[in-house]
Amino acid sequence: MNLILFGPPGAGKGTQAKFLINKFNIIQISTGDILREEVRSKTDLGLSAKNIMDRGDLVPDEIIMSIIEKRLSKPDCNNGFILDGFPRTLNQAIELDKILKKHQIDIDKIIEIDVEEEILIQRITTRALETNNSRDDDNSNVLKNRIEIYKKDTKPVLNFYSNMDKLITINGMLSIDEVSEEILNSL
Ligand code: ADP
């Protein structure tokens with residue numbers, strides 16, 4: 001099963017991805033995690049992405065697409081995968097489609113986790129406090145920017161998928177377990 005998890009920062013994509021990878025024995029591909037790992041390892045890619053990420057802006061599509069193409073060609077994807085935090089622009093979605101066609105891979109469902117903006121802000125502020133702000137981009141100015149960018153650049157990607165009839169929208173304001181259950185019911 002190949003899935004895309006879609007939603008604003010703080011929607012709970014990471015949490016639900018963990019649930020789904022255990023349930024279906026598939027892997028999670030989080031472009032945010034891959035980028036943070038590049039930053040930690042101080043690779044050229046990481047060094048060029050760090051400031052962009054700290055501002056909450058989007059890393060250029062070319063960089064993201066080369067990460068994704070490399071990752072999707074690894075054999076551990078054969079059993080299924082969840083894309084988390086990608087695609088985040090219409091262009092990324094179009095480029096992804098080309099890669100998938102080339103490798104003859106189908107996406108089964110796109111799961112949108114929908115959460116009101118006020119709740120997102122509360123959640124991420126709490127996450128920043130609880131984790132002693134281990135993520136440089138979990139602070140209020142940057143968070144507002146991440147949410148604005150989500151609305152402007154990322155939400156339009158939903159139209160692309162709703163045309164394909166694969167889009168499911170889940171109420172992400174329920175409890176974690178309830179969201180998981182809703183997702184399972186919809187698959
Ligand atoms: P969030 O929790 O805000 O959804 P992620 O962990 O997915 O954040 O990503 C953190 C940061 O990494 C983003 O704010 C952005 O700078 C960068 N990033 C991650 N995925 C992408 C992507 N698909 N396209 C562009 N930038 C990305």
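Contact, as I use the word here, means heavy atoms within 4.5 Å. Helices (H or I, at least four residues) and strands (E, at least two) are DSSP runs, numbered from the N terminus.

**Ground rules.** I'm looking at a predicted model, where local features need pLDDT of at least 70, side-chain atom pairs count only at pLDDT 80 or more, and totals for chains, interfaces and linings use all residues. Residues are numbered from 1 along each chain as its sequence is written, and side-chain values use heavy atoms, with hydrogens and water left out.

**H4 against H5.** I started with helix H4 (residues 61-72) and helix H5 (residues 90-102). Their axes come within 11 Å and cross at roughly 25°. Axes are lines fitted to C-alpha atoms, for helices over the stretch in contact, and angles run from 0 to 180 degrees between N-to-C directions. That crossing angle makes H4 roughly parallel to H5. My labels for angles: under 35 degrees is roughly parallel, over 145 roughly antiparallel, 65 to 115 roughly perpendicular, and the rest oblique.

The crossing of H4 and H5 is right-handed. A crossing is right-handed if the near helix is turned clockwise from the far one by less than a right angle, and left-handed if anticlockwise.

Which residues in H4 meet H5? I found Asp61, Ile64, Met65, Ile68, Glu69 and Leu72 on the H4 side. Across from them, H5 brings Asn91, Gln92, Glu95, Leu96, Ile99, Leu100 and Lys102. Sorted by class, the contact of H4 with H5 has seven nonpolar, two polar and four charged residues. For the classes, Ala, Val, Leu, Ile, Met, Phe, Trp, Tyr, Cys and Pro count as nonpolar, Asp, Glu, Lys and Arg as charged, and the others, Gly among them, as polar.

**H2 against H4.** Next I checked the packing of H2 and H4, with axes 11 Å apart and an angle of about 105°. H2 is therefore roughly perpendicular to H4. Thr31, Ile34 and Leu35 of H2 make this contact with Ile64, Ile67, Ile68 and Arg71 of H4. I count five nonpolar residues, one polar and one charged in the contact of H2 with H4.

**H6 against H7.** The axes of helix H6 (residues 117-130) and H7 also come within 11 Å, and they cross at roughly 140°. This makes H6 oblique to H7, and the crossing is right-handed. From H6 I noted Glu117, Leu120, Ile121, Ile124 and Arg127, which meet Leu143, Arg146, Ile147, Glu148 and Lys151 in H7. The contact of H6 with H7 divides into five nonpolar, no polar and five charged residues.

**Aromatic pairs.** How many aromatic pairs does the structure hold? I found two. Rings of Phe, Tyr and Trp (its six-membered ring) pair if their centres lie within 6.5 Å; planes under 30 degrees apart count as stacked, over 60 as edge-to-face and the rest as tilted.

The ring centres of Phe6 and Tyr150 are 6.1 Å apart and the planes stand at 55°, so this pair is tilted. Phe6 lies in strand S1 (residues 2-6) and Tyr150 in helix H7 (residues 140-154), so the pair ties together parts that are 144 residues apart in sequence. Phe6 is buried, at 3% relative accessibility, and Tyr150 is buried too, at 8%. Buried means under 20% relative accessible area, exposed over 50%, and partly exposed in between (1.4 Å probe, protein chains only).

For Phe160 and Tyr161, the centres are 5.1 Å apart and the planes stand at 90°, so the pair is edge-to-face. Both Phe160 and Tyr161 are buried.

**Ala93.** Buried or exposed? Ala93 is buried, with a relative accessible area of 0%. Leaving aside its neighbours within four places in sequence, Ala93 is in contact with Pro87, Val157, Phe160 and Tyr161.

Pro87 lies in the loop between strand S3 (81-84) and H5, and the peptide bond from Phe86 to Pro87 is cis, with omega near -5°.

I also noted Lys42, which has a positive phi of about 55° although it is not a glycine. Lys42 lies in the loop between helix H2 (31-40) and helix H3 (44-55) and counts as exposed at 61% relative accessibility. Gln104 has a positive phi as well, near 50°. Gln104 sits in the loop between H5 and strand S4 (109-114), and at 77% relative accessibility it counts as exposed.
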